[in-house]
Amino acid sequence: MKFRASRQALLEAFQVAGSVVSSRAIRPILGCVHLVVHQDRAEASATDLEIAIRYRLPVLAVVEPGEAVVPAARLTAILRECSSDEVELDSDSGGKIHLVSGSSSFQLLSEHPEEFPRIPEFPDAAAFGLNRDKLVSLIRKTSFAVAKEKSRFAFNGAKLHIEGNEARMIATDGKRLAMMVEEIDNSDGVEAGHIVPARALQVFEKVLGEEDDLVRIALDDKEIMLKTTRAEISSRLVDGSFPNYKAVIPETCAFTVGFDREELIRAFRQAALLTNQETRSVRMKLVDGRATLSAQALDAGEARIDLDAPDHQGEEFVIAFNPDFIVEGLKVVAGERVQIGLSRSNMPAKITGDGSFVYVVMPVTMRNG
Amino acid sequence: MTAPRTILHADLDAFYAAVEQRDDPALRGKPVIVGGLGPRGVVATASYEARAFGVRSAMSMARARKLAPGAVYLRPRMRDYVAVSRQVFAIFDGFTPLVEGLSLDEAFLDVGGSRRLFGDGETIARSIRQAVRETTGLGISVGVASNKFVAKVASDLRKPDGLVVVPPGEEARFLAPLAISRLWGAGPRLVERLRGLGLDRIRDLQALAPEDLRRILGDRAGGHFGALARGLDDREVSNQRETHSISRETTFARDVCDQARLERVLAELARDVGRRLRHACLRARCIRLKLRLPDFHTFSRQHHPARAIDRDADLIAEGRALLHRLHDEGMPVRLIGLGGADLVEAEAQEQLELFGAEAEARAEGLQDALDRIRARFGAEAIRPLDDDAPSS
């Protein structure tokens, strides 16, 4: 195998493929990228056995077709440190890879291509199309709410629900929940309800910012597969039952208060500066058209921020939130103004803006007794 | 460079036994051994007269009786010891706000900020020893040094009733002739291993290049012991008086193999730990189970639940899961213990959950009701049916 490629393009390909490679691979070969070079095209594959990717490799010239399995992290680092525009990659019969970049050359040990796990072919026949922008929107507006730490299995992924002309994605960590709904052209009559792992969504997002208008998706009981012009990705689905999310989205709230979105983000961020890890909470007091955010950290001090809340003219209402949860939701909600629906200080708040995004946050309370 | 710190380590001499000898003149000059007097009892403290027979704390009472058959054996009077301990800590507090109590009879004091008021480390140590003697009639040994480790070694060196001062800069020379087992964290296995390499005294470690020691012991241990051997220790004296763990353990009169019985005992311990946690308004972020086998091998396992807990049912479930990891049916157990550590204040705010909020509220209500009934009618008055292990 021998080919020449643009260093920058090769680096990008390795960064995408490398995001799938497991950093603590059980088998060294899973920390590698599999390069396959044909006369007219080339591709790089990687897998951690949960997620697999096949990525089109932009080559300038193929000298000799062939294949090689190269350590992802090391090759990525070399490509990053080199400065020439072009690099040449060459594998010898002794299992070594030679990389030449300008006046630098590297020789790397490689693994045997036959031992590399087989990456499934994309099942074109079973696939349906989804508008790329809509898929990106579904992912961006929800995936941040997936549980960060390993908790209940179903919380480590987002639910993708397709029914009629609607695709919705829901993610929750048990404390807040984000849901986005997009209208789609579902002429194939696809129905789906699967939990996609958070990591797969991150990889999807990486390859989606490209030239396609439409991406192809295939789903079965165990896997979700996605195909763009440049990439094919398959991921195992999360096994487990997603919590009954509909039951926790308040249908009605006792009252709803409108805020300027930017102003509210700023206010929560400011108040958050005077919280600490043990008491990560910001209190919001509503009274007579004013909202007052306050926070105190025993070891640091206090913060108090006043905001206009013209919708609230009733009696005093106090509720407290983890400011990170609120800010993360406000960042993805669309529109200049946002609505916060509230009922009681121990009941969920519902945040909405323009469009179909819904965000539900449970408050923080003082424990009685 | 910052100025050297002045740290005192103060340790009451043979504390429990000394209180007994103080309160009963007939015991003075006699070997006195305080501890559990049942068949499985363990020595808590031996007076210096008893130590001459080879009796040590943590030794089984049966062995102590063989070594010192003529000694006076007493059950501990904790209430009295706690009262004396309070008097002693009140004296410490008079000299500095930075007092880190290690147990009833032992504390670190950072007196760096008190020098202008009370004099240098040695002067303060003398004042403390005199005040403790006058107030309680007990002897206390004090070590003075620039850090915790050296201060602790110093206080131990001339017990009982000793005062050892290690001036700043003299730490390494002071430690050089001492045995490696003096190093904090050096257990018998490590000492044995180093002895196999011809390393016996702290000076032998000082003579090694740091990278050689790291090669022998690994990066972490090598770095740790290399620094200690040179008398370096930057741990701060922490005056947080909060309880760092709440635990309960019980030693069986006869070894227990039956897992169902162990689970029942564990549930009792868990309820007691839970009651004490809730009483102190604390929750445990870490649950620890301890098992001791008949040969005194002691194992422990810990688990961090997703959130801090204080309810009996949660503690029992955690304890049981740990027991199943640590214990195989039929394995004889001499002692079982359960504790909550990494404690946080329960009054701190609580992030509510979206799902299962009702179940959570119910569990909370149940625990409150149980606590109220137990407060009124006693700990044995009520117990949920599913609390106990399936009877076998």
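This is a predicted model: local features need pLDDT of at least 70, side-chain atom pairs count only at pLDDT 80 or more; totals for chains, interfaces and linings use all residues.

Author: Contact means heavy atoms within 4.5 Å. By that rule Asp200(B) touches Ala179(B), Ile180(B) and Arg195(B), not counting residues up to four places away in sequence. Residues are numbered from 1 along each chain as its sequence is written, chains are lettered from A and ligands numbered from 1 in the order in which they are written, and side-chain values use heavy atoms, with hydrogens and water left out.

Reader: Why is Asp200(B) called partly exposed?

Author: Buried means under 20% relative accessible area, exposed over 50%, and partly exposed in between (1.4 Å probe, protein chains only). Asp200(B) has a relative accessible area of 33%, and is therefore partly exposed. Asp200(B) is found in the loop between α9 (188–196) and α10 (202–207) of chain B; helices (H or I, at least four residues) and strands (E, at least two) are DSSP runs, numbered from the N terminus.

Reader: What makes the pair Asp200(B) and Arg201(B) a polar contact?

Author: A polar contact is a pair of N or O atoms within 3.5 Å; within protein, one must be able to donate a hydrogen and the other to accept it, and residues adjacent in sequence count only if both atoms are side-chain atoms. The side chains of Asp200(B) and Arg201(B) are joined at 3.4 Å, so the pair qualifies.

Reader: Is His327(B) buried or exposed, and how do you know?

Author: The relative accessibility of His327(B) is 2%, so this residue counts as buried. His327(B) lies in the loop between α14 (312–326) and β12 (333–345) of chain B. Its side chain reaches the backbone oxygen of Met331(B) at 2.8 Å. Leaving aside neighbours within four places in sequence, the residues in contact with His327(B) are Cys257(B), Gln259(B), Leu262(B), Leu291(B) and Val333(B).

Reader: How do you know that β13 and β24 of chain A pair with β25(A)?

Author: Two strands pair if DSSP finds at least two bridges between them. Four bridges join β13 (residues 176–183) to β25(A), and the two run antiparallel. Four bridges also join β24 (residues 349–354) to β25(A), again antiparallel. Val360(A) stands opposite Leu177(A) and is the bridge partner of Lys350(A).

Reader: What makes both faces of β25(A) covered?

Author: In this strand (residues 358–361), Val358(A) and Val360(A) on one side and Tyr359(A) and Val361(A) on the other are all buried. Among the elements of chain A, β25(A) has the highest mean pLDDT (97) and β26 (residues 364–365) the lowest (86).

Reader: Which side chains meet in a salt bridge, and what makes it one?

Author: A salt bridge is a side-chain nitrogen of Lys or Arg within 4 Å of a carboxyl oxygen of Asp or Glu. Lys175(A) and Glu353(B) meet at 3.3 Å, N to O, so the term applies. Across the interface of chain A and chain B the rule finds one salt bridge. The elements that give two or more residues to the side of chain A that touches chain B are β13, α5 (245–248) and β26 of chain A.

Reader: How many residues does the contact take from each chain?

Author: The contact takes 23 residues from chain A and twelve residues from chain B.

Definitions and conventions. pLDDT is the predictor's confidence in each residue, from 0 to 100.
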